[in-house]
Amino acid sequence: MKPPPPTSALSKGHPRKSIFRAGAGLKIIFRKLKAVLGKTFLFILPNKRRNDAPKPKPSSQTLTSTSTSTSTSTQNKPHNLTEYQYNLLYTFQENLLPLTPPSHESVPWGGPNPLTPTHPFTPLDLHLLESYLTVQSYPSLLLTTWPPSQCSSTPCPSSFSYLNTLKWRQTYRPFSLPPSLKSEASDGWLYTRSTTLPPKQPLIFYRPGLHKPESLESYIRNVIYNLERAAAVASENAKEEKYLGGKGRSDPRRYFFILDASGFTFSMIPSMSAVKKLFSMVGDHYPRRLGKLVIVNAGRASMVFWGMLKVLIPEDVKSKITIIGARENAREYLIQDIGVESIPDWLGGEDTWRYDVEEYLGEVDWTDEEAKAFMETNKEYCAEWLG
């Protein structure tokens, strides 16, 4: 039983009591007038928003969880989103919470990285969920044909895209390091760095001319592994809530990809089946991650290969790609985006860092046998979760 309210002058027949009663009566009259006159009555009421759609509140489950999560503690009030997107984002999250199995807590988002701690791949991460809804163009009924490799013929629930990736991460384990990957990556043809220039996007340097694949499977796995390292940096950068809904170069969750085609020959062009497999993985499980791709020192072989790839690349991704020929100055172009201190000295910059496989990758944590046993991405992953 609640204790009685404290006694005060107003509760003992004080003359001001009648004033408060009158005020309560006026509030009731205002409510009735508002119900009759509708939105036009808002113009005569103080401190009222004129926005038609009230801001939704996250569920108590969401608020409770985010308050204890270091990666989501500042994500309760997203910026740069419309009212419609804001509503849909929280609906998407509330749909996912009961569907996501407890095992997701052991699945990281972002591979081992000395710069930042590993972040969990969780539906409590609004930055992560927002990337999935953005690539789906915020579907009103939360039904989508994305990812096209799975849902192009029959629309899937938006929840499928996230759960599909979660299951893929549990089985493929893109954050793990088997011996074959370490061997494939020994000469440093692909690595991740950071820039201090805002918005501090992760930098991925790719030098295909330095290396001919030993195994297409381990080659693909090394590409995915480095996307994971970049994701760890991006997750750290995205903690600031103002970046939720960020666009293009203002969004630190996106990668800045620099491909140096020096030394790339026709014999290094991979099979189209391998390329399609890699594109499918990246497209399905790393949505809205590419900020910009700059191809420098493009020669004849690389341009022929680019001609083969264009048919596989969506138009919105093509708009993010810039090609600089072998005779042009890549350094001057890159300075404006990442700063001269982040450009490697082999491209005319000031970064003298050198790749060392032991320092960069560390110890293996998975066997090749386990790596080969991963399941291919398919809808059966999520059948038990989606029903």
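Helices are DSSP runs of H or I with at least four residues, numbered from the N terminus. The close-up views below are taken from a predicted model.

**View A. Asn222 in helix H8.** Helix H8 spans residues 216-237 and contains Asn222. The relative accessible area of Asn222 is 1%, and because the cut-off for a buried residue is under 20%, Asn222 counts as buried. Leaving aside residues up to four places away in sequence, Asn222 touches Leu181, Ala185, Trp189 and Leu190.

View B. With a relative accessible area of 0%, Ile224 is buried. Residues up to four places away in sequence are again not counted; the contacts of Ile224 are then Trp168, Tyr172, Pro174, Leu278, Met281, Val282 and Tyr286. One of these, Pro174, is 50 residues from Ile224 in sequence, while the C-alpha to C-alpha separation of the pair is 6.2 Å.

**View C. Packing of helix H4 against helix H6.** Two packed helices are described by the angle between their axes and the distance between the axes. For H4 (residues 126-135) and H6 (residues 158-172), the angle is about 125° and the axes lie 10 Å apart. H4 is therefore oblique to H6, since angles from 65 to 115 degrees count as roughly perpendicular and those over 145 as roughly antiparallel. The crossing of the two helices, H4 and H6, is right-handed. On the H4 side the contact is made by Leu128, Leu129, Tyr132 and Leu133, and on the H6 side by Ser158, Ser161, Tyr162 and Thr165. By class, the residues of the contact between H4 and H6 are 5 nonpolar and 3 polar, with no charged residue.

**View D. Burial of helix H4 and the residue that follows.** H4 is largely enclosed by the rest of the structure, because 8 of its 10 residues are buried. The buried residues of H4 are Leu126, His127, Leu128, Leu129, Glu130, Ser131, Tyr132 and Leu133. After H4 comes Ser137, which has a positive phi, near 60°.

**View E. The disulfide of Cys151 and Cys156.** The structure holds 1 disulfide. The disulfide links Cys151 and Cys156, with an S to S distance of 2.0 Å. The link between Cys151 and Cys156 is left-handed, at -100° about the S-S bond. Cys151 and Cys156 are both buried.

Terms used:
Residues are numbered from 1 along each chain as its sequence is written. This is a predicted model: local features need pLDDT of at least 70, side-chain atom pairs count only at pLDDT 80 or more; totals for chains, interfaces and linings use all residues. Side-chain values use heavy atoms; hydrogens and water are left out. A disulfide is a pair of cysteine sulfur atoms within 2.5 Å. Buried means under 20% relative accessible area, exposed over 50%, partly exposed in between (1.4 Å probe, protein chains only). Axes are lines fitted to C-alpha atoms, for helices over the stretch in contact, and angles run from 0 to 180 degrees between N-to-C directions. Angles under 35 degrees count as roughly parallel, over 145 as roughly antiparallel, 65 to 115 as roughly perpendicular and the rest as oblique. A crossing is left-handed if the near helix is turned anticlockwise from the far one by less than a right angle, and right-handed if clockwise. Contact means heavy atoms within 4.5 Å. Ala, Val, Leu, Ile, Met, Phe, Trp, Tyr, Cys and Pro count as nonpolar, Asp, Glu, Lys and Arg as charged, and the others, Gly among them, as polar.
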